[in-house]
Amino acid sequence: MPKLDSISNALLTIFVLLLGAVRFIGLSLRQRSALAAENLFLRKQLALCLERKVKPSRAKAASKLTLVLLSRLLAWREALTIINPDTFFRWHRKGFRLFWRWKSKPRGRPQVPAQLQKLIGGLANDNPTWGEELIAA
């Protein structure tokens, strides 16, 4: 079941990212004044939360990835209020490590175990008249 959980988490993350992309496209089509007003409204709410010292909930993988991707489009240091910059860098490094772990996975056929290799070598040495086809069978 852990494999199924990881697949469902990955699919959920992809769905949330696609939903965020659709929202981003929708926001980019809005008037600049409406977007600025919404931004100010959200900043005021955030300021109230910070003033009351409300502890934010933990970010999901999709939220982390979205923030890292959006950081390429704006000056993110001024926009960070709840998240510590060290945390942000940690998310970025973790994503980079996950990417390279996936990229470096061994490809192709898995290796034959050493014990089986010894057995095949022993069969070939003991029976020199057998060919590859007979040993493989």
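**A chat about a helical chain**

User: What order do the elements of the chain run in, from the N terminus on?

Analyst: From the N terminus on, the elements run α-α-α-α-α-α-α, and that gives the chain seven helices and zero strands. Please keep in mind that this is a predicted model.

User: How much of the chain do buried residues make up?

Analyst: Buried residues make up 5% of the 137 residues in the chain. As for contacts, among those between residues at least 6 apart in sequence, 51% join residues at least 24 apart.

User: Let's look at a pair of helices. How do the axes of α3 and α5 cross?

Analyst: Helix α3, which covers residues 61-70, and helix α5, which covers residues 85-103, have axes that come within 10 Å and cross at roughly 100°. Because angles of 65 to 115 degrees count as roughly perpendicular, α3 is described as roughly perpendicular to α5.

User: And which residues make that contact?

Analyst: On the α3 side the contact is made by Lys64, Leu67 and Val68, while α5 brings Phe88, Trp91 and His92. Sorted by class, the contact of α3 with α5 has four nonpolar residues, one polar residue and one charged residue.

User: Changing topic, how much space lies in the second largest pocket?

Analyst: The second largest pocket holds about 920 Å³ of space. It is lined by 26 residues, of which Ala61, Leu65, Lys94, Gly95 and Leu98 are the closest to its centre.

User: Which elements give two or more residues to that lining?

Analyst: Those elements are α1, which spans 2-28, together with α3 and α5. Of the elements, α5 gives the most to the lining of the second largest pocket, with nine residues.

User: How do the residues of the lining divide, nonpolar, polar and charged?

Analyst: The lining of the second largest pocket divides into 14 nonpolar residues, five polar residues and seven charged residues.

User: Is Lys60 buried or exposed, and why?

Analyst: Lys60 has a relative accessible area of 62%, and because exposed means over 50%, Lys60 counts as exposed.

User: How far apart are Lys60 and Thr13, in sequence and in space?

Analyst: Lys60 and Thr13 are 47 residues apart in sequence, whereas in space they are 8.4 Å apart, taken from C-alpha to C-alpha.

Key. Residues numbered from 1 in each chain as written. Predicted model: local features only at pLDDT ≥ 70, side-chain atom pairs only at ≥ 80, totals over all residues. Heavy atoms only, no water. Axes fitted to C-alpha atoms, helices over the stretch in contact; angles between N-to-C directions. Helix = DSSP H or I, 4+ residues; strand = E, 2+ residues; numbered from the N terminus. Parallel < 35°, antiparallel > 145°, perpendicular 65-115°, else oblique. Contact = heavy atoms within 4.5 Å. Nonpolar A, V, L, I, M, F, W, Y, C, P; charged D, E, K, R; others polar. 1 Å grid on protein atoms, 1.4 Å probe; cavity = no way out; pocket = protein on both sides within 12 Å on 5 of 7 lines; lining within 4 Å. Points joined across faces, edges and corners; volume = space filled by probe spheres on them. Buried < 20%, exposed > 50% of the residue type's maximum accessible area, 1.4 Å probe, protein only.
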